[in-house]
Every structure is written in C-alpha cells, then in structure tokens.
Amino acid sequence: MLSRSLFPRDVFAELERLQREMQQAFDLSIRGGARSGFPALNIGSTPKSLEIYAFVPGIDPATIEVQIEKGVLTIAGERAAEPVPEKSTVHIDERFAGRFRRVITLPDDIDPNSATAKYRDGVLHISIARQETAIPRRIAIQ
Amino acid sequence: MTTAIEKTTAKSAQPEAALLPPVNVIEDANGITLSADLPGVPKDKVNLTVEADTLTIEGEVSLSLPEGMESLHAEVNLPRYRRVFTLSKELDADKVSAEFTNGVLKLRIPKVAHAQPKRIEIRVE
C-alpha cells in the first residue's frame, strides 16, 4: 500500500475506468469485431420493427448484397480502391477498400419476408418488421 | 513532402464533439485530391470552409429514424463529422472544387500556377 500513497486517489479511479474500457473493447460478439468493421452499423428497435443502418459510402447500391438466411442478416459487397494516377503521392490512405461482409444475428420475432432496404447518402437502411404476434398489444381493462 | 498537414490539436473553442471521418489524400503535380467518407450526411448539410490556411470539413448526419426507435447498438455514435487540415502556401485555396455523391466528399485543391513543377535543365559544361 506504499505505492498508493504516492498517487492521488483519482489516478486509480482513472486506471480502473481505462481497464473497464479495455475489457469492453475485447468483449466481442462471436461474429467478430464490433468496433472497427466496415461498414459501421447502427441498430435500433421499435415495437413494430428492427432498423439496421449500414454506413457504406461511395458504393453503387445495386452491388450491395443483402441476405437473410436462417435468422442471420448478411451485408456484403466490395468497395474499389481509389485509383492513384501515375506520378502521384499518397499522403493519407484511411478509407476502406476491398471486399466487406458484416453479419448480424436477428431476433426470433422478426418476419424475414417483410424486410425492405433503401440506400441514401451512403447509408443502407434495412427495416424488418416484427411478427404480428410479437407486437405488444395493450389490453383494455373493462 | 507533405503539403497538407493535419491539425492534431483541436482548436480551443471547438463547439461539439464530432467523429473523425476517414480520408484519402493524393498529390499529383498539379494539386491535391482529398476524399472523405461522410455517410449519412445529406448534400445540404456538408459544410466546407477555408479560412486563411485552414480547411475545415464538417457534416451533420441526418437519418430517417422511425418514431419511438430505441438504439440497441451504435458504431456511428455522434451526429456529426469534422476534420481540419492546414493547407500549405503553394495550394490555391480560392480554387477548391468539391463534389459529393453517395456520402463521399471529393475535393480538388489545385496548386498555384507558379508552384507547378518546372523542369530545370541541368547543363553539363
């Protein structure tokens, strides 16, 4: 406990917080990295539907493959590398290029036949309705 | 030689937190091409400013969210992008041209005429 007196208390709190964050970063889904994948995904839920937003800028939407099979949604495609003209220098190269695939396990209560997909401003928005029986209903008390 | 140096330190009066969009910067003899991924930003919410030697790219994310949606998982977790670059002298900030399609911003920053390469003959005497 000698070392503790050398540090103010909040340093330990800070370390603990960092450690927690590290653990969270490694607490990944079985289907892989949740933080650095391409495309980035946002998922939302309403009582009637599941809403998935895939951030896939700069792609012809017709080339994106969206598939639901056995309760698993797959978004796959390819983003071509930016052409580098002759005699030019690449200073920064951060944008994703190449084939991509992201997979999401869907909840049981959705109706896969109801899925719709729209592409706008580089975002693919997939909306999947929940099964009729799964939509919560308010029961009136008489 | 790097002609566009990125400002790593945030300005003191930065308004709101923003995501850092990934960019590519390619330089050729006549100028620089910069492309940035800004998915979810409509064309009218892209904001480009050149002030003195500072180029700022900003964009506000606008998604059509159904009413009463609860977020389950978010990797894009801030509603805006921002990235700031310092332009060097030989770049002509007045002639920046931009296009924006499918969430990708493409900028062309030409070099000023006198900065374009001139081949210097070496004479052997």
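Before you click, some housekeeping: residues are numbered from 1 along each chain as its sequence is written, and chains are lettered from A and ligands numbered from 1 in the order in which they are written. As the model is predicted, local features need pLDDT of at least 70 and side-chain atom pairs count only at pLDDT 80 or more, while totals for chains, interfaces and linings use all residues.

**Stop 1: chain A on its own**

Starting from the N terminus, the order is α-α-β-β-β-β-β-β-β-β. Of the 142 residues in chain A, 20% are buried. Here, buried is for a residue with 20 or more other C-beta atoms within 10 Å of its own, exposed is for 12 or fewer, partly exposed is in between, and the C-beta atoms are placed from the backbone.

Contacts also tell you about chain A: among those between residues at least 6 apart in sequence, 50% join residues at least 24 apart. Two residues are in contact if their C-beta atoms, placed from the backbone, lie within 7 Å.

**Stop 2: a sheet within chain A**

Now select residues 65-69, 72-79 and 98-105 of chain A, which are β3, β4 and β6. They form an open sheet of 3 strands in the order β3-β4-β6, with antiparallel pairing. Strands pair if DSSP finds at least two bridges between them. β3 and β6 of chain A are the edge strands, each pairing on one side only. From one strand to the next, the twist averages 15°; axes are lines fitted to C-alpha atoms, for helices over the stretch in contact, and angles run from 0 to 180 degrees between N-to-C directions.

Zoom in on β4(A) and β6(A), which are joined by 8 bridges. Which residue of β6(A) stands opposite Ile75(A)? Look for Arg102(A).

**Stop 3**

Bring chain B into view. Five strands make an open antiparallel sheet in the order β5(A)-β2(B)-β3(B)-β9(B)-β8(B). Its edge strands are β5 (89-93) of chain A and β8 of chain B. The twist here averages 15° from one strand to the next.

Walk across the chain B part of the sheet:

- β2(B) and β3(B) share 6 bridges, and Asn24(B) stands opposite Ser35(B).
- β3(B) and β9(B) are joined by 7 bridges, with Asp37(B) opposite Val104(B).
- β8(B) and β9(B) are joined by 5 bridges, with Ser97(B) opposite Arg108(B).

**Stop 4**

Select Asn102(B), in the loop between β8 (97-101) and β9 (104-110) of chain B. This hairpin has 2 residues between its strands, and Asn102(B) takes a positive phi near 45°. Is Asn102(B) buried, exposed or partly exposed? Asn102(B) is partly exposed because 17 other C-beta atoms lie within 10 Å.

Leaving aside neighbours within four places in sequence, Asn102(B) is in contact with Pro57(A), Gly58(A), Ile59(A) and Gly122(A).

**Stop 5: where the chains meet**

Colour the two chains differently and look at the contact between them. It takes 33 residues from chain B and 32 residues from chain A. On the chain B side, β2 (23-28), β3 (31-37) and β6 (70-74) each supply at least two residues, and β2(B) gives the largest share, 6 residues.

**Stop 6: the largest nonpolar core**

Finish with the largest nonpolar core, a set of 34 residues. A nonpolar core is a set of buried Ala, Val, Leu, Ile, Met, Phe, Trp, Tyr and Cys residues joined through C-beta atoms within 7 Å. Select Ile52(A), Tyr53(A), Ala54(A), Leu34(B) and Leu105(B), which touch the most other members. Strand β2 (residues 49-55) of chain A gives the most to this core, with 5 residues.

Last, centre on Tyr53(A). Beyond neighbours within four places in sequence, the contacts of Tyr53(A) are Leu41(A), Asn42(A), Val123(A), His125(A) and Leu63(B).

Methods: Helix = DSSP H or I, 4+ residues; strand = E, 2+ residues; numbered from the N terminus.
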